[in-house]
Amino acid sequence: MKQELIMVRYGELGTKGKNKQDFINKLGENIKRTLKKFTKLTYEVNRDHTYIHLNDEPYEEIKKLLKGVSGASSFSLVYKVENDIEKMKEACLALALEENKKTFKMKAKRAEKAFPMISDDINRAIATHILKNSHYKVDVHNPDLLISLTVRQNETYIFINQEEGAGGYPLGIAGKGLMMMSGGIDSPVAAYLMMKRGIKMECIHFAAPPYTSEAVITKITDLLKVLARYQGEIKLYIVPFTHLQEDIYKYAKESYAITIMRRMMYRITERVARRYNNLIIANGESIGQVASQTLKSMQAIENVVNIPVIRPLAIFDKVDIIKISKELGTYDISIRPFEDCCTIFEPKNPTTSPNLEKILEIESSFDFESHIRNCISNIKVIKVTEDYEDIKEDVDEYF
């Protein structure tokens with residue numbers, strides 16, 4: 001039987017009200033962008049489903065890409081026949097014989113009420129035909145094969161398999177955010193979860209050569225190449241953080257150094273976010289995971305910014321984060337033994353309950369504002385895609 005088209009289901013998008021069409025249109029744009037190399041595909045973007053007409057393009061290749069498109073709840077390969085019960089019978093029988101299972105169940109839906117048979121009658125007619133012409137038996141509770149059929153106005157759609165999509169909202173529908181990207185396990189997972197909620201992500205990384213190496217930047221771009229499968233191009237801001245970090249450790253006691261450092265990172269990130277029209281800051285923090293991620297530390301660090309800070313992993317268990325990172329394909333990259341500035345300068349006994357008066361006293365002892373301006377004026381911006389390679393040329397000036 002010839003494959004005709006792919007039916008994409010909306011899931012959560014179906015709960016939207018007056019702006020539902022905006023979500024659907026954005027999903028349609030993202031699907032077309034993701035599948036742009038398949039030039040024969042044609043599309044129907046409707047309020048109930050999006051239909052992708054294959055026109056002899058390879059379904060298996062398309063399926064792999066379509067699974068990564070946020071906003072798509074699920075999708076199925078659909079066979080299209082005329083609204084004729086005899087042709088429905090033959091199509092369902094042919095499909096069942098191709099699958100070669102033992103038991104089956106019919107599930108018909110009559111969306112076109114002008115069709116003369118109700119859903120139960122369609123089920124019985126097709127099931128009887130399959131039973132008479134095959135080895136199959138009916139099992140309505142736990143079938144090996146579920147044959148679904150929807151009668152629409154001009155044709156009937158038949159499908160058997162339902163592939164899980166990424167879910168969530170279409171990328172970009174919620175605006176743009178700036179992810180603090182360290183290179184560890186957490187931040188790439190956090191970035192992916194933000195993308196699933198419809199937020200297009202840009203990333204910022206704080207580099208501290210010669211304490212950190214060029215290999216860290218390569219590691220970051222390799223992580224973004226994986227994430228680019230879901231977004232396309234990702235912009236990365238590389239901040240030269242060395243001189244500011246050296247002054248922090250000159251003026252701050254060891255126990256407060258990480259707190260002051262994170263406050264400086266937040267200040268810089270907010271200014272970059274506002275300059276490039278990012279609506280929020282995001283990071284991979286998880287409550288209690290390290291000293292700077294206790295509730296008191298988060299409060300002390302975050303109060304330097306006046307922009308929303310989103311922590312999608314705040315209540316995740318580390319085991320669950322690792323599981324997602326392995327599914328994404330970022331885990332093996334994240335555990336490469338190249339440390340970022342947070343890890344290299346990590347104090348032995350950081351405070352988990354910083355005092356704000358003490359923090360302000362330390363910050364008043366040196367001119368951090370000129371450092372911040374210098375960091376921002378020397379940011380390196382690179383654009384990472386899935387096939388990005390030219391890393392050395394972009395970062396030579398730092399190393």
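Trainee: What is the accessible surface of the protein chain, and what part of that surface belongs to carbon and sulfur atoms?
Mentor: In this predicted model, the accessible surface of the protein chain comes to about 18800 Å², and 47% of that area belongs to carbon and sulfur atoms. As for cover, 54% of the 399 residues count as buried, and the secondary structure comes to 15 helices and 15 strands.

Trainee: How do you know how the overall dimensions of the protein chain stand against those of a compact globule?
Mentor: A compact globule of 399 residues would have a radius of gyration near 21 Å, whereas the protein chain has 27 Å. The C-alpha trace spans about 85 × 40 × 40 Å along its principal axes. Among contacts between residues at least 6 apart in sequence, 79% join residues at least 24 apart.

Trainee: What makes helix 5 count as mostly covered?
Mentor: Helix 5 covers residues 186-196, and ten of its eleven residues are buried. Helix 5 is followed by Gly 198, whose phi is positive, near 90°.

Trainee: Why is His 129 called buried?
Mentor: His 129 has a relative accessible area of 15%, so the residue counts as buried, given that the cut-off is under 20%. His 129 has its place in helix 4 and, leaving aside residues up to four places away in sequence, touches Lys 89, Glu 90 and Leu 93. The C-alpha atoms of His 129 and Glu 86 are separated by 9.5 Å, although these residues are 43 apart along the chain.

Trainee: Why is Leu 131 called partly exposed?
Mentor: Leu 131 lies in helix 4, which runs over residues 119-132, and has a relative accessible area of 38%. Together with Val 138 and Val 140, Leu 131 makes a nonpolar surface patch of about 230 Å².

Trainee: How many disulfides does the structure hold, and are Cys 92 and Cys 203 buried or exposed?
Mentor: The structure holds zero disulfides, for which a pair of cysteine sulfur atoms would have to be within 2.5 Å. Cys 92 counts as buried because its relative accessibility is 0%, and Cys 203 counts as buried because its value is 1%.

Trainee: How do you know that the peptide bond from Pro 209 to Pro 210 is cis?
Mentor: The omega of that bond is near 5°, and the bond from Pro 209 to Pro 210 is cis, with Pro 210 found in the loop between strand 11 and helix 6. Most peptide bonds are trans.

Conventions. Residues numbered from 1 in each chain as written. Predicted model: local features only at pLDDT ≥ 70, side-chain atom pairs only at ≥ 80, totals over all residues. Heavy atoms only, no water. Patch = residues over 30% accessible without salt bridge, like charges linked within 9 Å, V, L, I, M, F, W, Y side chains within 5 Å. Areas by Shrake-Rupley, 256 points an atom, 1.4 Å probe, with all protein chains shown as cover. Salt bridge = Lys/Arg side-chain N within 4 Å of Asp/Glu carboxyl O. Helix = DSSP H or I, 4+ residues; strand = E, 2+ residues; numbered from the N terminus. Buried < 20%, exposed > 50% of the residue type's maximum accessible area, 1.4 Å probe, protein only. Rg over C-alpha atoms; globule rule 2.2 N^0.38 Å. Contact = heavy atoms within 4.5 Å.
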